[in-house]
Amino acid sequence: MTGPAPASIFAVELLAGLIRRGVSDVVVCPGSRSQALALAAAAAESAGAIRLHVRVDERSAAFFALGLARETGLPAPVIVTSGTAVANLAPAAYEAHEGRVPFIALTADRPATMRGTRSNQTTSQLDMFGAAARLSLDVEPPEFGPEGEFGRSPNTDPDRLAARALSAAIGSRNDAPAGPVQLNLQFVEPLSGTAGFEQMIAAGFTAAGAEGADARAALLEAPGTRAGGEAAGAPRPGLPDPDQSTTSGYVHDDDALTVVIAGAGAGDTAEEFARAAGLPLLAEVVSGSRFGREAITAYATLIDDPEIGGLVERAVVFGHPTLTRQIPALLKRDDVEVIVVDPHTGDHYAPAPGVRVTPTATVSADHDPRAHRRWLGAWVTADRALQQARSTVHEPDLEAARETGYKERNAYARAEVAVKKEPITRELLVESVWRATWPHDRLVIAASRLVRVLDSLAPARKLAVHANRGLAGIDGTVATAHGIAVASQTDPDPARSAGTTRVIIGDLAMLHDAGSLLLPEAPELRPRIQLIVGNDGGGTIFDGLEVAGTTPATDFERVMRTPRKADLRALAEAYGWEYARVETRGDLERLLTTPVTGPTLVEAPLA
């Protein structure tokens with residue numbers, strides 16, 4: 001055969017179609033069957049049309065792509081070869097499904113004729129993501145016709161496939177939300193080859209990249225396009241919706257004792273509604289809504305207070321609450337009306353039967369937010385007292401500092417030194433990181449015990465917070481954070497790219513994703529990322545569950561807490577990360593006020 005291989009032409013046109021429609025990042029894992037896609041991605045990078053990211057571990061690559069999408073709002077297609085490579089994408093795909101994050105998997109496959117024959121690296125990889133997939137297509141091998149023309153049936157036309165994949169991955173208002181897509185692409189030999197067509201391909205990718213910039217802006221400005229954070233998932237074939245009623249929209253215009261609840265993915269919308277209505281905002285620390293005068297930090301404690309939480313008559317829920325037992329307990333009360341705001345079809349957050357689901361929530365134009373000032377004031381006053389009691393911030397004794405006597409000044413100095421030598425507790429660690437994070441930084445919080453501690457005491461601040469709370473698993477946190485760091489620090493807006501990505505993570509969550517510490521070689525970016533590991537010797541999150549008091553201590557320690565004694569310094573050095581160990585308040589303060597210049601692993605043994 002002369003000319004380029006059909007696989008290569010197909011790969012070039014598929015990627016060009018994605019790029020023209022706004023895709024700016026592509027993640028490649030090496031493999032033979034996927035070589036046409038990988039080489040096309042390299043050509044696109046050379047033409048300046050995309051940012052190319054190469055990862056050797058498909059599971060890590062998928063979570064890295066998830067992080068890129070969480071930050072940019074657009075999918076970063078992941079290219080993998082056949083076999084177990086595809087299965088390794090599943091954990092990130094399911095997190096994308098439940099977390100409503102756009103995700104595209106381009107999975108190379110052997111031709112269908114080889115399935116069921118036990119041929120090498122051939123398995124049933126179509127529909128690997130099951131009902132979680134927004135779209136899953138099995139694409140026949142591309143080929144030239146008898147006259148040399150490239151076959152373009154509706155099911156194999158690469159440009160149409162690109163359009164369908166991107167639309168399904170991003171989702172839209174009043175339709176399925178963002179989530180995972182799989183294009184399972186059958187390739188036959190020759191698996192690549194573009195001799196003589198390199199200049200044409202480069203020109204095509206250059207043009208696609210220019211079109212893509214405008215497409216990206218249009219996608220991200222489109223009303224109702226929500227990528228990277230809304231709760232629940234797409235419709236699941238064969239499963240009925242929960243018991244719920246759907247209305248055209250909720251309008252707040254009465255004096256019912258109402259609270260606004262914000263879970264993961266709620267974002268600015270929940271804060272804007274609470275502010276306009278003058279209502280208490282019970283915003284999880286991962287919600288992106290914990291800011292403004294209505295935000296209540298110690299909401300979990302106050303829900304249990306019969307004189308405050310016990311009076312709630314209505315709850316308006318945005319996003320996906322997952323961090324406390326108090327929120328679902330409140331929403332299951334017979335005397336509380338529950339309204340869940342979710343513009344999408346399919347699964348909805350429904351902790352109890354009879355939940356009212358509405359696509360929008362607004363405040364009546366003639367509503368005066370001051371009508372709720374006594375109700376809001378009761379929450380705010382109690383919250384301030386609890387915050388003051390729980391805060392780890394050290395307030396120096398200013399009167400002692402102004403003393404002129406030798407003994408008094410010496411006592412003051414000794415007291416201040418003692419404070420600097422205090423051991424690091426969970427509370428001190430997470431609150432210090434929260435307060436040290438700036439609006440242009442990114443904060444990533446793992447599904448460790450630490451996120452619940454932070455949720456109980458973090459004061460209201462408008463920060464860019466990310467967390468994989470779709471399934472709340474510990475898998476892939478390091479890779480996700482790496483993707484967020486790279487995406488934010490390559491943003492063309494200097495105000496957005498100047499920050500550092502800080503990660504609050506437990507020792508087990510870090511060790512679970514230790515392979516993602518492997519850094520790519522140049523020309524890829526080595527981002528400013530600070531992986532802060534709260535090391536308490538295992539899964540202490542289980543200490544607060546009933547099982548801790550009903551199980552023999554040795555069995556609980558072995559199969560639940562699972563302590564591990566890995567050498568984090570050696571691990572960091574092996575992967576080329578800077579390493580720091582902080583053991584006292586003073587160590588932590590110095591660390592958090594020192595500029596981060598590259599990947600750094602910080603170990604903080606917890607008292």
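User: How far apart do the centres of the positive and negative side chains lie in the protein?

Analyst: This is a predicted model, in which local features need pLDDT of at least 70, side-chain atom pairs count only at pLDDT 80 or more, and totals for chains, interfaces and linings use all residues. Residues are numbered from 1 along each chain as its sequence is written, and side-chain values use heavy atoms, with hydrogens and water left out. Lys and Arg count as positive and Asp and Glu as negative, while His and the chain ends are not counted, and each charge is placed at NZ of Lys, CZ of Arg, CG of Asp or CD of Glu. On that basis there are 58 positive and 76 negative side chains, and the centres of the two sets are separated by 4 Å.

User: What radius of gyration does the protein have?

Analyst: The C-alpha trace spans about 95 × 55 × 55 Å along its principal axes. The radius of gyration is taken over C-alpha atoms, and the globule rule is 2.2 Å times the number of residues to the power 0.38. For 607 residues a compact globule would come near 25 Å, which agrees with the value for this protein, 26 Å.

User: What percentage of the residues in the protein is buried?

Analyst: A residue is buried under 20% relative accessible area, exposed over 50% and partly exposed in between, with a 1.4 Å probe and protein chains only. Among the 607 residues, the buried share is 53%.

User: Which residues does Leu185 contact, leaving aside its neighbours within four places in sequence?

Analyst: Contact here means heavy atoms within 4.5 Å. With those neighbours left aside, Leu185 is in contact with Phe10, Leu14, Leu37, Leu106, Thr107, Ala108, Asp109 and Val139.

User: Which residue is joined to Pro190 by a cis peptide bond?

Analyst: Pro190 is placed in the loop between β6 (180-186) and α7 (198-221). The omega of its cis bond is about 0 degrees, and the residue joined to Pro190 is Glu189.

User: Is Arg100 buried or exposed?

Analyst: Arg100 sits in the loop between α5 (90-99) and β4 (103-109), and its phi is positive, about 55 degrees, although Arg100 is not a glycine. Because its relative accessibility is 2%, Arg100 counts as buried.

User: Why does Asp127 count as partly exposed?

Analyst: Asp127, in the loop between β4 and β5 (135-139), also is not a glycine and has a positive phi, of about 60 degrees. Asp127 counts as partly exposed because its relative accessibility is 45%.

User: What is the relative accessible area of His372?

Analyst: His372 is found in the loop between β14 (361-363) and α11 (373-390). Beyond its neighbours within four places in sequence, the contacts of His372 include His252, Asp254, Asp255 and His367. His372 is buried, with a relative accessible area of 3%.

Notes. Helices (H or I, at least four residues) and strands (E, at least two) are DSSP runs, numbered from the N terminus.
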